[in-house]
Amino acid sequence: MDWVKFYDFKHSIIYVNARHRDVHYRTIAQDIRRYVPSPAARVLDYGCGEATSADIVADAAGALTLAEAAPNVRAALMQCYAGNAKISVVTPEQTAALPAASFDLIVMHSVAQYLTSAELDRLLGIFHRLLKPDGTLIVGDIVPPRLSAPAAAIALLRFGARNGFFWAAFFGLIRIVFSDYLKLRRATGLSHYDEASMLARLEVAGFSATRAPRNIGHNQRRMTFLARPSQA
Ligand SMILES: C[S@@+](CC[C@H](N)C(=O)[O-])C[C@H]1O[C@@H](n2cnc3c(N)ncnc32)[C@H](O)[C@@H]1O
């Protein structure tokens, strides 16, 4: 079991019910939409997951590419968005093979924690090549060191309370304790970065970056970074 396989088959564990999943993806899509720079913008959402509200982002953009490593999730995305001419679905390998300067906006939200730091650096290099010189990279949901699990649990309960699924969130958390998620988390760990180390990583990868005032999504203890290719 690795994280890609986990996300390919175990959606019901992470999303406590369908309402949670849909509110989660709608919240993220609404947040990402605010960063789309123009109606003609070409946008990449890397590690998009089930992306059940990707049409919200696509409506504000010229084209939206959804990159997802998990094959079953990718198949579901293809089926869901077959009728939307703005949305295409690709593998990570197909993403890496795209021409330079393909995108105005690249978003990678809630993925970096599942990558080793070497994998993250490699991806930042790919994103640098794929971004237009005036484009923006958004790296969201960066998990800071210390107490990330209790903070995530509290954030989920609050999100549930605000959106009518508090008890489902409560029982979902109990289910998670006995799930593969915690086993995998214990076995492989999650990658954590504090603000300074993420800013330094982005700088080494050729970006000039700042921390956004708010994280994308519901967990405001995690961080979002906005990065632009540094001018040579
Ligand atoms: C928590 S989901 C994030 C989905 C969506 N971006 C969101 O914010 O809800 C984590 C995603 O990371 C992807 N992922 C995990 N490990 C990966 C890897 N090594 N390479 C590429 N994607 C990976 C999974 O396939 C999954 O879609």
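**Legends to close-up views of the predicted model**

**View 1. Overall fold of the chain.** Among the contacts in the chain with a separation of 6 or more, 66% join residues 24 or more positions apart. The model shown here and in the views that follow is predicted. Eleven helices and seven strands make up the chain. Taken along the principal axes, the C-alpha atoms fill a box of roughly 50 × 40 × 35 Å. A compact globule of 232 residues would have a radius of gyration near 17 Å, and the chain agrees with this because its own value is 17 Å. Of the 232 residues, 39% count as buried.

View 2. The seven strands form an open sheet with mixed pairing, and their order is 3-2-1-4-5-7-6. Strand 3 (87-90) and strand 6 (207-211) stand at the edges; each has a single partner strand, so one side of each is left without a neighbour in the sheet. Direction ignored, neighbouring strands of this sheet are turned by 20° against each other on average.

**View 3. Strand 1 and strand 4, with the helices packed on the sheet.** Strand 1 (residues 42-46) pairs with strand 4 (residues 103-109) in the parallel sense, over three bridges. Within this pairing, Leu44 stands opposite Ile106 in strand 4. Helix 7 (residues 117-130) packs on the sheet, where it touches strand 1, strand 4, strand 5 (131-142), strand 6 and strand 7 (223-229). The direction of helix 7 makes about 145° with that of strand 5. Helix 11 (residues 195-204) also packs on the sheet and touches strand 5, strand 6 and strand 7. For helix 11, the direction makes about 160° with that of strand 6.

**View 4. Strand 1 beside strand 2.** Strand 1 and strand 2 run parallel and are joined by five bridges. Arg42 stands opposite Ala63 in strand 2. Strand 2 (residues 63-67) is mostly covered, as four of its five residues are buried.

**View 5. The surroundings of Val43.** Val43 is a residue of strand 1. This residue counts as buried because it has 27 C-beta neighbours inside 10 Å. Residues up to four places away in sequence not being counted, Val43 touches Val36, Val57, Ala61, Leu64, Phe103, Asp104 and Leu105. Val43 and Thr136 are 93 residues apart along the chain, yet their C-alpha atoms are separated by 9.8 Å.

View 6. Strand 5 and strand 7 run antiparallel and are joined by four bridges, with Ile138 opposite Leu226 in strand 7. The pairing of strand 6 with strand 7 is likewise antiparallel and extends over five bridges. Here the bridge partner of Ser208 is Arg228 in strand 7. Five of the seven residues of strand 7 are buried, so this strand is largely enclosed by the rest of the structure.

**View 7. The shell around the ligand.** The ligand is surrounded by 17 residues, of which Gly47, Gly49, Ala69, Ser110 and Tyr114 are the closest. The shell comprises eleven nonpolar, four polar and two charged residues. Helix 1 (residues 3-9) gives the most to this shell, contributing three residues.

**View 8. Two loop residues with positive phi.** Most residues other than glycine have a negative phi. Ala51 is not a glycine, although its phi is positive, at about 40°. This residue lies in the loop between strand 1 and helix 4 (54-59). Ala51 counts as buried because 24 C-beta neighbours lie inside 10 Å. Ser110 has a positive phi of about 60° and is not a glycine either. The loop between strand 4 and helix 7 holds Ser110. With 21 other C-beta atoms within 10 Å, Ser110 is buried. Ser110 is also one of the closest residues to the ligand.

Notes. Residues are numbered from 1 along each chain as its sequence is written. This is a predicted model: local features need pLDDT of at least 70, side-chain atom pairs count only at pLDDT 80 or more; totals for chains, interfaces and linings use all residues. A residue is near a molecule or strand if its C-beta atom, placed from the backbone, lies within 6 Å of it. Ala, Val, Leu, Ile, Met, Phe, Trp, Tyr, Cys and Pro count as nonpolar, Asp, Glu, Lys and Arg as charged, and the others, Gly among them, as polar. Two strands pair if DSSP finds at least two bridges between them. Axes are lines fitted to C-alpha atoms, for helices over the stretch in contact, and angles run from 0 to 180 degrees between N-to-C directions. Two residues are in contact if their C-beta atoms, placed from the backbone, lie within 7 Å. The radius of gyration is taken over C-alpha atoms; the globule rule is 2.2 Å times the number of residues to the power 0.38. A residue is buried if 20 or more other C-beta atoms lie within 10 Å of its own, exposed if 12 or fewer, and partly exposed in between; C-beta atoms are placed from the backbone.
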